[in-house]
Amino acid sequence: MKRGVFIAIEGSDGSGKTTHTTQLVAWLRQQGHDVVTFDFPQYGTPSAYFVEQYLAGRYGGLADIGPYRGSLFYAMDRYDAGFKIRAALSRGAVVVSNRYVASNMGHQGAKLDDAAERQAYFAWNEHLEFEILGIPRPDLNVVLRMPAELAQHLAGQVTEKTERAHLRGQKRDLHEDNLDHLRRAEQTYAELCRLFPAAFTLIECADGQRIRPIDEIQGQVRRLVTALLAKHSNHKEDQ
């Protein structure tokens, strides 16, 4: 049995990750693919306990939880899911994850002002998750970029309609409530794509302050995935 394909949809809060993950999964299933989905953090599960406490502000503010400590909360949640991801890939499924390792790099890396310190953190986090914890590495990381002001507004529209138990009545989590953090995260995601173009592919979700149509953005996502699947299929035929 050949290994399946692993796709991660990334981006700051309010960038449309859930919408585009949902649409991509529906399209892949229409094409006849066996698709397995993951959504991080895994709210409501034991492995997401520390993430939930952190995002609800019970450990303090953003300045109280540095990037390295905060990264551990999320990494262990992915470690827990890693066994299921590997099982799906081993049977040849297409795995699609709404957020993954780049979410640590984007949000936790945004806490560091110095570029050299961020790059050292990126290397540390990659070693932590992929080497120490041994979680599967995505074949494609799609990063959706939305200007922070628009992202916060869109995230607010979603949270007003959604009750999240771990926030206990709060409308926004620690990240969503801080516009400066969202700006930094947006810039850090873009930096990841510049530094590591082979690993991260950026899709702009707005032209200035105009949000691009969902179908237009989704078309770009599907083209990237189509190219990946074709490459994967050709690789299997060559073996």
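Visitor: What do local features and side-chain atom pairs need here?
Guide: This is a predicted model, so local features need pLDDT of at least 70 and side-chain atom pairs count only at pLDDT 80 or more, while totals for chains, interfaces and linings use all residues. Residues are numbered from 1 along each chain as its sequence is written, and side-chain values use heavy atoms, with hydrogens and water left out.

Visitor: Which residues lie nearest the centre of the second largest pocket?
Guide: Pro138, Asp139, Leu140, Ala198 and Ala199, out of 28 lining residues. A pocket is an open set of points on a 1 Å grid over the protein atoms alone, where a 1.4 Å probe fits, with protein on both sides within 12 Å along at least five of seven lines; lining residues have an atom within 4 Å of a point.

Visitor: Which helix gives the largest share of that lining?
Guide: H8, with six residues. H8 spans 214-238; helices are DSSP runs of H or I with at least four residues, numbered from the N terminus.

Visitor: New topic. Where is Leu62, and is Leu62 buried or exposed?
Guide: Leu62 sits in the loop between H2 and helix H3 (67-90). Leu62 counts as buried because its relative accessible area is 16%, and buried means under 20% (1.4 Å probe, protein chains only).

Methods:
Helix = DSSP H or I, 4+ residues; strand = E, 2+ residues; numbered from the N terminus. Buried < 20%, exposed > 50% of the residue type's maximum accessible area, 1.4 Å probe, protein only.
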